[in-house]
Amino acid sequence: MNAAAKTSFSRRLSSTVVLITSILFIVAIGVAAVSSHLILADEAHKSAENLLDATIKEIENKLIRVEVSVKNTVTTVQKLKNSPEKMYDITQGLVMENDEILGSAVAFVPEYYKGVHFYAPYSFRVSDGKVESKQLGTAQYDYFYSDWFQIPQLLGEPCWSEPYFDEGGAQEYMSTYSYPIKDDQGNVFAILTADISLSGITEFLASIKPYPSSYVSLISRSGRYVNSGVNDDLRGETVFSTQFLMGTKENEDINQIAADMMAGNKGKHKYRVGNKISFAVYGPVSNGWKASITCDYRDVLARTSKMHMILVLVVLVGLLILFLSCYSTIRKLTKPLTDMSESALSIAKGNFNTPLPDIKYDDEIRHLRNSFDYMQHSLTEYIENLKKSTAENERFESELTIASDIQMAMLSSDFPENGNLGLHAMLKPAKEVGGDLYDFFLMDKDTLYFAVGDVSGKGVPASMFMAITRSAFRFIAKTGAPMNDVVSQINNSLCDGNDSQLFVTMFVGKLNLSTGELEYCNAGHNPVIVNGSYVPVKANLALGLMPGFPYQLQTVNLTAGSRIFVYTDGITEAERSDKEQYGEERLLECIRGLKQSCSDKEVCESVVKSVHDFADGNVQNDDITVLSITLKQTTASLA
Amino acid sequence: MDVTITKNDAKTFVVLNGRLDTTNADQFQKDITPLMEDPAPDFEIDCTEMQYTSSQGLRIFLMLQKSVSSKGGKMVMVNMKPQVKEVFDITGFSNIIKII
């Protein structure tokens with residue numbers, strides 16, 4: 001584990017914790033924000049509705065004061081209708097009496113006074129509080145067709161006019177309250193009017209600001225702005241023409257609000273323009289006008305938005321602290337792992353005594369450390385044992401090599417080669433030390449003793465038995481006794497104390513080089529081949545099994561040029577991978593295939609090679625020994 | 001080398017199956033331990049399915065034979081394949097162990 005991986009582990013874990021916490025916070029803040037927004041919006045709606053009610057009441061109070069003044073004056077007009085000149089005093093009195101009223105007229109129907117087509121005395125407020133009067137109707141100003149005259153005359157009821165700009169007079173937006181005055185028969189004979197300035201109302205409305213960008217609109221009976229609340233230039237325009245004038249797209253919600261207001265309903269509606277969401281509360285005013293308060297939700301939620309900003313800031317700082325503390329805690333927790341990995345690396349490099357770090361808490365890491373500690377000790381012990389056993393093996397192997405050398409040295413390699421005699425032998429042990437043996441020696445120049453043996457079993461025990469057998473043969477043969485006596489004596493000496501039940505098969509022979517007579521005794525060994533054919537041999541019994549066994553002697557006379565081939569069963573029982581054995585037939589075939597001129601060495605090598613080729617890489621199970629003797633000539637043959 | 005030992009009254013039948021060589025000689029020796037411990041041995045060893053024996057195998061048969069002889073018991077090997085019989089003959093074991 002390197003530093004980068006460890007860092008990223010801490011960082012990864014901290015990041016995950018922070019991420020999950022962030023998600024939880026976001027959800028919590030989101031839920032809190034939504035619910036607080038809902039509550040705030042609801043409160044805002046209610047307070048806007050209350051404010052609207054209060055505003056409408058205030059406007060109505062203003063209007064009612066004017067209406068009451070006018071109504072009170074109506075009876076005076078009715079009483080004095082036959083004194084036309086008094087009408088100036090009446091209108092003047094009305095204007096003087098009520099500050100709100102800028103002007104007042106009593107406009108009579110045509111020809112009410114005989115010969116007088118227009119009669120409309122009009123008093124109006126001029127600067128510095130004075131009131132002046134004049135006659136309103138002229139040929140140029142045929143008031144009979146003006147709205148303020150005609151509508152109440154036709155309806156027979158008082159009404160407020162649409163807002164209008166008084167260009168000739170007060171130079172401001174006004175509205176006129178017109179009251180139809182009826183005679184005793186109920187016919188309207190005059191209209192009493194009172195003009196009021198709308199600036200007072202608009203100023204009052206402008207002062208109503210529950211939120212910084214909220215505004216109050218007031219529209220007339222026909223839907224024209226008395227006060228748009230946004231722009232004074234819109235006065236007299238309708239909600240619909242405003243949208244057209246402002247170049248804004250028609251808004252379904254705004255249209256619906258306008259329609260609902262025009263129907264004289266009280267209500268509340270939400271609408272969106274661009275990304276701005278607002279709501280409007282609206283309701284009718286007693287004179288047929290309608291008022292509305294429009295508020296931007298951003299204003300409404302501004303307070304909570306600020307609160308949320310603070311909350312988010314606090315959470316962000318909290319998350320940062322959480323990340324840092326997680327990071328440092330995990331780093332601290334994983335520190336022992338880092339230390340351990342360093343120790344492990346050191347151990348891996350062969351420093352088995354590297355101390356492992358101490359772990360403070362009894363947790364998984366300490367368990368890991370303890371397991372590691374156990375492993376370290378086991379490893380140390382194992383390597384110690386391995387070193388020891390390797391050393392032992394090495395010693396044993398070197399001893400085996402020495403044993404093998406001794407055994408090989410025991411075998412004569414000084415092969416006689418002269419005009420009379422040729423001899424060669426080969427021994428290939430299956431293990432380092434084997435149980436096969438061969439031996440030969442010239443007793444005198446005409447007498448050759450030879451032997452080939454095979455101890456049951458292999459390895460060190462067999463090789464020791466082989467050494468005893470070989471020594472016994474040398475020692476006993478040199479007494480010059482007949483071969484069957486030699487074998488019997490070897491047998492007896494091997495039987496003596498042979499507790500391990502080892503035995504040895506052996507073929508021993510004595511060749512008289514001058515006569516060609518071969519005297520031999522077989523002790524349970526493979527038969528020998530003379531001139532490419534097996535010679536008859538008695539089996540007798542392998543040596544070391546039965547003391548006093550009567551071994552029988554055999555003889556055969558050989559002619560000059562005869563070749564004796566002796567071997568152990570390692571040759572005939574050599575196996576291929578399919579368990580097929582080399583066998584006697586193949587051996588005979590191999591020997592018969594050799595030229596007479598071959599040396600004994602070549603005979604041995606050829607047979608061994610043939611067996612080796614036959615086995616074709618299969619493991620050699622048994623020792624292989626071959627001995628080849630050629631009787632080149634005999635004294636008799638010379639003679 | 002599979003060894004099957006069945007006892008019938010006083011006589012014990014042993015059936016050998018397979019090759020007896022260096023690799024399994026030790027195991028074979030263990031397998032026939034009950035025979036060595038038999039106080040009154042009378043063995044008939046069936047060699048019909050014995051394919052081969054090495055000199056180590058011979059040694060074990062010899063030990064068995066000696067154990068039988070020392071207790072005055074009987075041991076006979078039957079149905080031996082010619083190539084196996086040859087080994088017994090060459091080494092002279094046929095002189096010590098009864099083979100029919």
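How much area do chain A and chain B bury between them? About 1,700 Å², with 55% of it on carbon and sulfur atoms. Buried area is the accessible area (1.4 Å probe) that two parts lose on being put together, summed over both.

This is a predicted model, in which local features need pLDDT of at least 70 and side-chain atom pairs count only at pLDDT 80 or more, while totals for chains, interfaces and linings use all residues. Residues are numbered from 1 along each chain as its sequence is written.

**View 1. The contact between chain A and chain B**. Chain A contributes 26 residues and chain B 19 residues. Contact means heavy atoms within 4.5 Å. On the chain A side, A:Q501, A:F503 and A:L545 lose the most area to chain B. Together they make up 28% of what that side buries.

**View 2. The salt bridge of A:E575 and B:R19**. The closest N and O atoms of this pair are 2.4 Å apart. The rule finds one salt bridge across the interface (a side-chain nitrogen of Lys or Arg within 4 Å of a carboxyl oxygen of Asp or Glu). The side of chain A that touches chain B has nine nonpolar, twelve polar and five charged residues. Here Ala, Val, Leu, Ile, Met, Phe, Trp, Tyr, Cys and Pro count as nonpolar, Asp, Glu, Lys and Arg as charged, and the others, Gly among them, as polar.

**View 3. The fold of chain A**. Chain A has 14 helices and 22 strands. These are DSSP runs: helices are H or I, at least four residues, and strands are E, at least two.

Note on methods
Chains lettered and ligands numbered in written order. Heavy atoms only, no water.
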